[in-house]
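Please keep the sequence and the model in view while reading.

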Amino acid sequence: MTDSHSVAVGDQQPAVGGVATPVKVFINYRHDDTEETAARLYERLAGHFGAENVFLDGKTMGAGVEWLEAIKEHGAHSGAFLALIGRTWLASLKEREQRTPGEPVDYVALELELALGRWPGKVIPVLVARATMPDVVKLAKPLKALAGIQAMQLRPLSFDEDVEQLIAMLKAIPREQDRDRVPRQEEMPAAADDTVGTPATADDTVGKPAAADDTVGADEVSGRGQHATSGAVPALPAPDTTHYESVLRCMMRQGSVVPILGSDVRGSLPDARELAAHLAQQFGLSSASLDLAEVAQRVRVAEGRSFLDKAMLEALTPQPEPNDTHWFLARFPARLEELGLPKRYQLIVTTNYDSALEQAFTAEREQYDLAVFLANGTDANGTDRGKFLHVPWKGEPRVIHEPATYREFPVDRFDALERTVIVKINGAAEGSEGDFRWGGSYVLTEDQYIDYLVADEIVRVVPNQILIKLTGSHCLFLGYAMHDWSLRVFLKRIWQGRALENTSWAIEREPDALEKVSWGAFGVELLASSPDDYANELDARMSTRQDGA
């Protein structure tokens with residue numbers, strides 16, 4: 001017998017007497033934590049919905065049934081997933097995380113991970129006997145989303161009343177799901193221009209530059225692109241239909257585009273220039289420079305590292321909400337699946353210190369690995385400073401001591417990703433996994449950039465799996481401005497002073513002529529649009545493509 005029971009409530013049969021069809025419910029619990037409560041809850045659900053609509057493995061599954069497959073089948077068709085959490089739930093979870101190979105799988109954690117990441121049902125934590133929700137920092141990455149969900153309670157002295165509230169919530173779920181259901185492609189209204197989404201013709205080439213007088217394509221599907229060039233230099237074109245088709249073809253069919261996020265993709269946080277101005281004002285610097293690395297260097301020399309770190313932490317707190325670009329990237333694999341296409345996973349490089357991108361992936365229940373540069377190391381003594389940290393979707397974080405030979409990222413032998421990998425190339429303001437913390441370890445001052453990018457060979461720092469994927473793909477620079485010298489040095493180090501071999505694009509909100517010249521030196525096409533408008537246009541155009549052609 002396994003460590004969990006599951007209950008499915010409500011086959012999708014016509015309702016009797018006009019009563020709404022019950023939702024299928026999956027109950028997850030531990031024998032050593034909430035077994036008695038789970039049994040009482042099962043009886044109440046069976047009494048309310050009818051025993052024929054209740055699935056309980058111990059009661060309805062006979063000998064010889066493949067338990068795990070049956071559980072997956074019921075979970076995949078459930079409309080609600082009840083995670084019963086008692087007072088020993090977290091301790092039991094942590095104990096089982098330490099299991100050695102050959103020991104039984106923790107099926108309670110496996111079911112919960114599937115519910116949070118793959119199954120369609122609404123996840124509802126149910127706190128038993130005044131238990132409390134687990135702290136997010138104590139949950140493994142696949143389960144962290146649980147901590148952000150509003151919980152119900154089942155208390156001994158008000159059990160009946162609490163169950164009635166739970167039943168009322170379960171009965172409302174079918175209506176919520178119908179309201180939130182995304183229309184299928186055939187249900188969506190036709191685009192105003194039937195040329196939208198037409199695959200590029202045979203003579204089209206990837207990344208074909210727009211004509212000098214091109215603005216937003218006449219057949220923009222959403223209309224958002226029309227204001228994307230506001231304030232931009234007239235000579236610089238906005239993305240047109242040919243461009244969007246080329247980028248989507250590479251993303252959807254080949255998975256060969258690496259988004260690289262600059263400081264303009266930052267949510268509500270100040271950008272690099274605003275941070276520089278903030279530091280200069282706070283510490284009374286007379287310099288008019290808006291170069292963040294230069295200002296940070298002056299603060300560190302004049303005041304000390306601790307004062308600089310405190311000022312940056314205050315400026316970067318609280319962490320920003322994800323913006324449209326983050327949401328597009330986080331939803332991309334699932335969007336492909338909705339369109340009947342194979343999932344494609346991305347290597348995403350970000351120069352930003354915040355965690356908005358990771359928040360979006362967590363909210364979308366999309367798995368990802370994290371690679372973080374440790375500018376200051378893992379402790380006050382600078383242990384592992386200048387190395388990358390790999391935070392896998394499952395398992396403990398690992399400092400990468402041999403980047404040239406490290407092979408633990410989810411990349412197959414054809415350099416295709418089996419799961420999204422987010423690379424925080426300049427470190428992170430905050431971050432933790434279990435007891436392991438890496439917050440406040442980021443590249444900021446001129447000396448740090450020099451040590452990281454100039455004095456050392458970057459190929460000795462960045463893991464080889466990441467370098468190969470990055471240099472072998474089409475790069476899509478979003479909100480990445482070339483006026484920042486540290487970004488130019490990064491490009492030169494990665495591509496060793498040469499132009500990028502593969503067709504690549506840069507999207508900037510208000511680029512000037514100098515930006516165009518700078519990008520041109522690297523063989524990158526510069527186009528004028530805000531990153532969020534651009535991401536929204538890509539998302540809108542995905543709906544018109546069903547074959548990834």
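Which residue in β5 is the bridge partner of Phe81? The partner is Val123. The model examined here is predicted.

## Pairing of β4 and β5

Strand β4 covers residues 80-85 and strand β5 covers residues 122-128; the two run parallel and are joined by six bridges.

## The sheet

β4 and β5 belong to an open sheet of four strands, ordered β2-β4-β5-β6, with parallel pairing. The edges are taken by β2 (25-28) and β6 (152-154). Each of these has a single partner strand, so one side of each lacks a neighbour in the sheet. From one strand to the next, the twist averages 25°.

## Helix over the sheet

Helix α1, residues 31-49, lies across β2, β4, β5 and β6. Its direction is at about 145° to β4.

## Packing of α7 and α17

Two packed helices are described by the angle between their axes and by the distance between those axes. For α7 (residues 241-254) and α17 (residues 531-542), the angle is about 70° and the axes are 10 Å apart. The two helices are therefore roughly perpendicular to each other.

On the α7 side, the contact is made by Thr241, His243, Tyr244, Glu245, Val247, Leu248 and Met252. On the α17 side, Tyr534, Glu537, Leu538, Arg541 and Met542 take part. By class, the residues of this contact are seven nonpolar, two polar and three charged.

Definitions and conventions: Residues are numbered from 1 along each chain as its sequence is written. This is a predicted model: local features need pLDDT of at least 70, side-chain atom pairs count only at pLDDT 80 or more; totals for chains, interfaces and linings use all residues. Side-chain values use heavy atoms; hydrogens and water are left out. Two strands pair if DSSP finds at least two bridges between them. Axes are lines fitted to C-alpha atoms, for helices over the stretch in contact, and angles run from 0 to 180 degrees between N-to-C directions. Contact means heavy atoms within 4.5 Å. Angles under 35 degrees count as roughly parallel, over 145 as roughly antiparallel, 65 to 115 as roughly perpendicular and the rest as oblique. Ala, Val, Leu, Ile, Met, Phe, Trp, Tyr, Cys and Pro count as nonpolar, Asp, Glu, Lys and Arg as charged, and the others, Gly among them, as polar.
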